[in-house]
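Please look through the sequence and the structure below before reading on.

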Amino acid sequence: MTSSVAARVFHVMSKPTGAICNLDCEYCFFLSKEELYPGSGFRMDEEVHEAYISQLLAAQRWADEIVVAFQGGEPTLMGLDFFRRTIELERRFAARGQLVLNTVQTNATLIDDEWATFFKEHDFLVGVSIDGPREMHDAFRVDKGGKPTFDRVVTGIETLRRHEVEWNALTTINAANQDHGREVYTFLRDELGATFVQLIPIVERVTPELLPLAESGWGSRRGERPLYRQHGDQVTHRTVGAEQFGRFMIDIFEEWARRDVSDVFVQMFDTALAHWLGMEQAGMCVHARTCGDAVALEHNGDLYSCDHYVEPEYLLGNITEGKTLLQLVDSPQQRAFGQDKLDSLTSYCRSCDVRFACNGGCPKDRFISTPDGQPGLHYLCAGYQSFFRHIDQPMKVMAGLLRRGQDATGLRDWYARTDVKRAPDDPCSCGRDAPWGSCHGAPATTA
């Protein structure tokens with residue numbers, strides 16, 4: 001093994017229950033992945049479990065900190081004993097002084113005091129999926145019977161908070177909440193107490209043949225969802241609009257920049273700041289220059305190029321069948337997958353003034369054409385352009401503060417100096433067709 005391979009940094013999103021979940025969220029692309037494994041019980045067995053932990057820790061033995069991540073489906077369906085064994089395996093295979101950080105992404109509906117006590121004892125970071133206030137969340141996040149889940153999710157969050165478990169909010173941006181960016185953000189911050197927020201746009205890409213089935217919710221019974229693939233140039237009614245996505249992000253940024261810099265961390269804003277500081281590969285993989293360092297591990301040990309590409313043609317191999325995690329991540333197939341993100345950029349993207357911040361977005365969503373007709377433009381391009389151009393000046397201010405060794409909260413002072421010059425009837429700083437005094441110049445209201 002060469003030193004360059006040994007030093008490879010990568011992240012594994014493991015799925016111990018595969019696509020199996022206790023919810024039936026209408027926009028979930030992953031529920032259909034059970035079609036890849038007919039007859040499976042969808043539970044990670046002890047052999048795969050041990051291979052995952054031991055190989056991941058060995059591959060990054062040089063690192064001071066390593067992340068062990070569980071997602072799904074719904075990973076808590078594995079039960080607590082699986083996670084207790086995870087801790088035992090980490091203690092067995094971790095190098096001296098190596099810090100292991102465990103993360104789990106959950107819908108929180110199964111979280112009770114026993115789960116929360118365990119997470120607190122072992123310093124788990126728990127990501128909770130919630131799409132905003134009740135009506136927005138329940139629009140698409142329903143259970144197997146089509147019933148709303150908001151109350152159960154909030155109860156889970158309250159249990160985590162009561163036990164002082166570190167948690168973050170993962171909120172999708174979709175057709176139900178796309179016009180309510182500030183309301184969603186202040187709800188997460190003020191009603192739920194979230195201090196770390198991930199915002200993920202929903203883009204349901206389908207072929208014309210599948211569009212009617214997708215629009216009807218795909219079907220809720222096992223076997224009714226065809227395998228979701230990154231094919232087609234149509235989107236469902238649940239998909240966020242490109243312009244609405246940009247507006248959603250701008251509305252949140254305007255609130256965050258004035259009140260919450262350094263108190264609330266929004267993943268998209270952290271990534272943007274890193275790019276304004278010249279860090280091409282920092283932050284979210286969707287906006288990195290190249291990709292390929294975030295792979296998906298299925299319940300049976302199959303490793304795929306990406307969570308969004310769990311499809312037969314992107315299968316790298318199985319971690320229990322000869323090649324290790326590191327060897328598969330460093331394979332020519334995976335290196336080509338990651339490099340293609342850069343190599344496949346359109347000429348329109350290459351000449352774009354915000355390309356350094358966007359990097360063309362995730363390849364999975366590059367299915368529209370550029371203004372001059374070249375295929376391969378990102379579906380959210382218009383939103384990316386409006387958002388990144390909007391935040392250019394404040395990002396330059398923040399980057400300048402950090403380069404001078406000053407606190408990023410100085411951005412609040414910069415906004416205060418500019419805001420005092422605005423009259424209530426002036427156009428709002430967010431660019432919306434609304435007066436400053438009744439838009440972002442008005443006090444924030446919670447949901």
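A residue counts as buried when its relative accessible area is under 20%, as exposed when that area is over 50%, and as partly exposed in between. The model shown here is a predicted one. Is Thr103 buried or exposed? Its relative accessibility is 17%, so Thr103 counts as buried. Thr103 lies in strand 3, which covers residues 99-106. Leaving aside residues up to four places away in sequence, Thr103 touches Val67, Val68, Ala69, Phe70, Phe124 and Leu125. Cys28 can be judged by the same cut-offs: with a relative accessible area of 24%, Cys28 is partly exposed. Cys28 sits in the loop between strand 1 (11-14) and helix 2 (46-59). Cys28 and Pro226 are 198 residues apart along the chain, and 13 Å separates their C-alpha atoms.

Next comes the sheet. Strands of a sheet pair through backbone hydrogen bonds, either parallel or antiparallel. In this model an open sheet of 10 strands runs in the order 9-6-5-4-3-2-1-10-11-12, and its pairing is mixed. Which strands form the edges? They are strand 9 and strand 12 (315-318), each of which pairs on one side only.

An antiparallel pairing is found between strand 13 (residues 366-369) and strand 14 (residues 375-378), over three bridges. Arg366 has His378 of strand 14 as its bridge partner. The two strands form a hairpin with five residues between them, and in this hairpin Gly373 takes a positive phi near 95 degrees.

Now for the helices. Two packed helices are described by the angle between their axes and the distance between the axes. Helix 4 (residues 113-121) and helix 6 (residues 150-162) have axes 9 Å apart and pack at an angle of about 45 degrees. Helix 4 and helix 6 are therefore oblique to each other. Their crossing is right-handed. Helix 4 contributes Asp113, Ala116 and Phe119 to the contact, and helix 6 contributes Thr159, Leu160 and Arg162. By class, this contact has three nonpolar residues, one polar residue and two charged residues.

A second pair is helix 10 (residues 267-276) and helix 15 (residues 381-390), whose axes come within 12 Å and cross at roughly 65 degrees. Helix 10 and helix 15 are therefore roughly perpendicular to each other. The crossing of helix 10 and helix 15 is also right-handed. Met268, Phe269, Ala272 and Trp276 of helix 10 meet Tyr384, Phe387 and Phe388 of helix 15. By class, the contact of helix 10 with helix 15 has seven nonpolar residues, with no polar and no charged ones.

How many of the 10 residues of helix 10 are buried? Eight are, and the helix is mostly covered. The buried residues are Met268, Phe269, Thr271, Ala272, Leu273, Ala274, His275 and Trp276. What covers them includes helix 9 (242-259), strand 9 (265-266), helix 14 (355-358), helix 15 and helix 16 (392-403). After helix 10 comes Gly278, with a positive phi near 90 degrees.

Definitions and conventions
Residues are numbered from 1 along each chain as its sequence is written. This is a predicted model: local features need pLDDT of at least 70, side-chain atom pairs count only at pLDDT 80 or more; totals for chains, interfaces and linings use all residues. Side-chain values use heavy atoms; hydrogens and water are left out. Axes are lines fitted to C-alpha atoms, for helices over the stretch in contact, and angles run from 0 to 180 degrees between N-to-C directions. Helices (H or I, at least four residues) and strands (E, at least two) are DSSP runs, numbered from the N terminus. Angles under 35 degrees count as roughly parallel, over 145 as roughly antiparallel, 65 to 115 as roughly perpendicular and the rest as oblique. A crossing is left-handed if the near helix is turned anticlockwise from the far one by less than a right angle, and right-handed if clockwise. Contact means heavy atoms within 4.5 Å. Ala, Val, Leu, Ile, Met, Phe, Trp, Tyr, Cys and Pro count as nonpolar, Asp, Glu, Lys and Arg as charged, and the others, Gly among them, as polar. Two strands pair if DSSP finds at least two bridges between them. Buried means under 20% relative accessible area, exposed over 50%, partly exposed in between (1.4 Å probe, protein chains only).
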